Amino acid sequence: MSVPTGSETLDSILDGGLPENRTVLVTGGPGTGKSTLAMQFLAEGVARDEDCLYISTEQTFQELADAFEDFAFDLHHDNLTVTSLHATPGQTVEGGDSRELTLETLEGGKMLGGEYSAPFESQYITQYLERFAPADRVVLDSVSGLSAIGDDQDVFRRTLLDFIRLLNDEFGATAVFTAEESQPDLTQQDVKTVAASDAVQFNTHGVLRLWRENVGGDYHRFLEVVKMRGVDHDTRVHEVSFTHEGLRISPRLRTHPGEFVPSDHMTTGIDGLDRLMGGGIVEGGTLLLEHDGQASPHSILTNLMVQAREAGMPITIIPPVELPPKRLRTIIDERIGDMADMLANDELFLVDFANIWENTKRNVFKPQEHDTDNPAAVFRTIDDRRGDRPMLSVLNVEAQLPVLSDDELRQIRFWEEENLYLPGDTSIYMFNPATIDDELAAFYENGAWQTLETWVTDKGLQYIELKKSPSGFMGSTRLVEYIEREPYMRIQQPPGAGSTEATLGDGHQ
């Protein structure tokens with residue numbers, strides 16, 4: 001079961017809300033919205049006629065009322081109890097006249113009455129909190145205020161675990177803890193946490209992180225779900241802003257609403273990639289596939305050609321220089337069809353800009369060697385021979401550079417689209433951005449309907465990200481791995497797109 005958070009977008013990110021009867025940590029630097037998000041969670045509970053408890057370790061009731069004055073939070077609602085815990089020097093019965101840290105409310109109330117109070121220790125804090133049970137939702141704001149329990153990290157962590165069990169098991173509550181996260185330099189994105197945050201995040205069921213970051217000269221607030229056990233949650237970063245109702249988390253949608261999304265997609269043959277892209281490649285559109293020179297795009301392209309062949313689409317390919325003729329011929333023969341027959345039957349067209357293929361077969365064109373094979377003439381010949389069949393074009397940009405200038409590449413693409421493209425023609429352009437001019441790269445990026453980027457990290461792991469698309473999980477980065485059977489590639493499922501079994505299964509389900 002999921003517990004709604006009070007934010008529709010956050011509920012969507014978490015596949016419904018916070019896990020019921022579990023504790024989640026909200027961590028972040030000062031002013032990032034931790035307390036607001038926590039109170040918004042309680043306000044949603046109050047609206048649902050649930051019993052809610054707010055435990056403050058840093059602010060009195062009046063200070064909370066002042067802090068939330070601009071928000072639509074009713075701190076006086078019958079379903080909301082607000083209390084506080086505070087460590088302050090004082091006298092205990094056990095300590096006699098000596099002064100030590102004692103447990104009091106922030107308003108100065110003594111836990112034992114009279115001149116004495118209870119020691120600021122776990123057992124007395126637990127006894128105090130037990131008077132508020134049961135509750136449906138509990139907020140502890142913030143855990144950092146309990147760090148005075150002890151300097152020993154292990155003792156503090158065990159104490160927090162006891163509190164979590166108290167709230168989840170005895171109260172029957174879904175709980176939110178907040179904790180400060182140090183951020184000494186807001187221009188730096190790598191953030192170090194203070195001890196309290198470090199201690200609690202290992203015990204909680206999930207962690208939400210809030211932070212501020214400079215974007216174009218202005219500071220913006222962001223949220224991400226660092227972990228959420230057992231929840232197929234969205235891993236992408238979202239922006240946060242303040243409204244009268246609490247935090248607004250954006251964007252709700254990263255791609256176009258349904259009426260603007262093309263209905264027809266061409267499958268890639270790789271289940272996880274289709275789901276990432278919202279169904280596959282948009283039929284009649286253009287896909288840009290960028291790679292870093294280490295992450296091979298060839299498996300994706302091969303699977304696309306397999307799907308085109310099965311759909312009866314002729315294929316035009318400008319092969320990359322790093323894929324030699326013998327290897328490409330083997331791939332086509334083993335996965336797609338007999339290459340010689342496909343060339344002879346106008347089912348495959350190969351444009352050899354790199355001038356490394358023997359020009360002995362029909363439909364192998366060599367623009368660098370023959371004047372009659374200039375690009376415009378080549379593409380017009382291909383158009384004549386494919387007839388009225390929609391075509392898949394797989395075009396390596398770097399391979400064309402020895403023959404065509406940047407301006408000529410732009411012109412030939414516009415000319416093709418204007419004069420030769422049929423409805424259903426689908427084009428894939430690929431290149432390594434480090435090998436071509438920035439303006440040319442931007443030209444292809446701007447003209448693409450969809451953009452995928454794949455790269456290998458310094459740990460040797462390959463990832464793929466959907467950077468641009470009218471549908472799918474735009475901005476989502478997924479792991480790529482290779483398997484020993486078709487389609488020979490597996491893409492980690494995007495959040496919410498399938499079960500754990502589907503994520504770990506074969507390329508097809």
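The chat below goes through the fold of one predicted protein model, from its overall make-up to a few single residues.

Colleague: Before I look closely, what should I know about the model and its numbering?
Modeller: Residues are numbered from 1 along each chain as its sequence is written, and this is a predicted model in which local features need pLDDT of at least 70, side-chain atom pairs count only at pLDDT 80 or more, and totals for chains, interfaces and linings use all residues. Side-chain values use heavy atoms, with hydrogens and water left out.

Colleague: OK, how many helices and strands are there in the protein?
Modeller: The secondary structure comes to 14 helices and 26 strands, where helices (H or I, at least four residues) and strands (E, at least two) are DSSP runs numbered from the N terminus.

Colleague: And what share of the residues counts as buried?
Modeller: Of the 509 residues, 51% count as buried, with buried meaning under 20% relative accessible area, exposed over 50% and partly exposed in between (1.4 Å probe, protein chains only). As for contacts (heavy atoms within 4.5 Å), among those between residues at least 6 apart in sequence, 62% join residues at least 24 apart.

Colleague: What is the strand order in the sheet of nine strands?
Modeller: That open sheet has the order β5-β4-β9-β10-β3-β11-β12-β13-β14, with mixed pairing, and two strands are taken to pair if DSSP finds at least two bridges between them. β5 (80-84) and β14 stand at the edges with a single partner strand each, so one side of each is left without a neighbour in the sheet. Neighbouring strands of this sheet are turned by 25° against each other on average, direction ignored; such angles run from 0 to 180 degrees between N-to-C directions, and axes are lines fitted to C-alpha atoms, for helices over the stretch in contact.

Colleague: Which helix packs on that sheet?
Modeller: Helix α2 (residues 34-47) does, touching several strands, among them β3 (23-28), β4, β9 and β14, and its direction makes about 165° with that of β9.

Colleague: How do β4 and β9 run, parallel or antiparallel?
Modeller: Strand β4 (residues 52-56) and strand β9 (residues 137-141) run parallel and are joined by five bridges, with R137 in β9 as the bridge partner of C52.

Colleague: Which sheet do β25 and β26 belong to?
Modeller: They belong to an open sheet of 10 strands, ordered β20-β19-β18-β21-β22-β17-β23-β24-β25-β26, with mixed pairing. The edge strands are β20 and β26, each of which pairs on one side only. β25 and β26 pair in the antiparallel sense over three bridges, and Y482 stands opposite M489 in β26. Helix α8 (residues 298-310) packs on this sheet, and its direction makes about 160° with that of β21 (392-396).

Colleague: Switching to helices, how do α11 and α12 cross?
Modeller: The axes of helix α11 (residues 375-386) and helix α12 (residues 406-419) come within 11 Å and cross at roughly 25°. The two are therefore roughly parallel, a label for angles under 35 degrees, while over 145 counts as roughly antiparallel, 65 to 115 as roughly perpendicular and the rest as oblique.

Colleague: Which residues make the contact?
Modeller: P375, A376, F379 and R380 of α11 and I412, W415 and E416 of α12 make the contact.
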